[in-house]
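Good morning, and thank you for coming. I shall take the overall fold before turning to individual residues. Please look at the sequence and structure on the screen.

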Amino acid sequence: MTTDRHSLVIGRFQPLHLGHMEVILKCAEESEHLTIGIGSAQYSHQPENPFTAGERYMMIEESLKEAGIDNYSIVPVEDLNRYSIWVSHVVAMCPTFDCVYSNNPFTRRLFTEAGFAVRESPLYSRSIYSGTEVRRRMVADEDWRSLVPKAVAKVVDDIDGVGRVKDINVTDSGI
């Protein structure tokens, strides 16, 4: 197993689910220090991005604490939509890193072009473990708790996250 000194993994974590946790645990195991970038940090209260960066920060922090992981930093990273400078923006926002974990071809390309080592992150039952599926189950009053760490369910409960997800997914019927 290769250990990288400092690594980065970025996700939206809307919300953090068990698939994310498996990726983070694997990346943390392979790294001396893992930076977890909360992507699209400026968005919240939208159907695809219902939770704030601060709420996602709490979900990640409490879940990693519960898992006994302590070799990490969490950094909110806002989108720029100017791809030529996005990597330098991420670098400026985060602690030093030399390796990036990503399965997104575009993200992989940008970091490779900038000279970073890039590794694929493992995918765990992606058809089940996806933020889209968790949010869909929240709206449909189906079991979503089995897809997320207990700490995430607590944060969602504390902020009435299910109510928020339902409210922002209602379409205006108009009058």
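Predicted model: local features only at pLDDT ≥ 70, side-chain atom pairs only at ≥ 80, totals over all residues.

Residues are numbered from 1 along each chain as its sequence is written, and side-chain values use heavy atoms, with hydrogens and water left out.

Let me begin with the overall dimensions. The C-alpha trace spans about 55 × 35 × 25 Å along its principal axes. The radius of gyration is taken over C-alpha atoms, and the globule rule is 2.2 Å times the number of residues to the power 0.38. For 175 residues a compact globule would have a value near 16 Å, and the chain agrees, with 16 Å.

Next, burial and contacts. A residue is buried under 20% relative accessible area, exposed over 50% and partly exposed in between, using a 1.4 Å probe and protein chains only. Buried residues account for 47% of the 175 residues. Contact means heavy atoms within 4.5 Å. Of the contacts with a separation of 6 or more, 67% join residues 24 or more positions apart.

Strand β3, residues 72-76, illustrates this burial: four of its five residues are buried. Strands count as paired if DSSP finds at least two bridges between them. Strand β2, residues 31-38, runs parallel to β3 and is joined to it by five bridges. Gly-37 has Val-75 in β3 as its bridge partner.

I turn now to two residues. Is Arg-135 buried or exposed? Arg-135 counts as buried, because its relative accessibility is 6%. Arg-135 belongs to helix α5, residues 131-139. Leaving aside residues up to four places away in sequence, Arg-135 touches Arg-12, Gln-14, Pro-15, Pro-47, Glu-48, Pro-50 and Val-165.

Val-148 sits in the loop between α5 and α6, the latter being residues 150-158. With a relative accessible area of 5%, Val-148 is buried. Val-148 and Arg-82 lie 66 residues apart in sequence and 32 Å apart in space, C-alpha to C-alpha.

How values were computed. Helix = DSSP H or I, 4+ residues; strand = E, 2+ residues; numbered from the N terminus.
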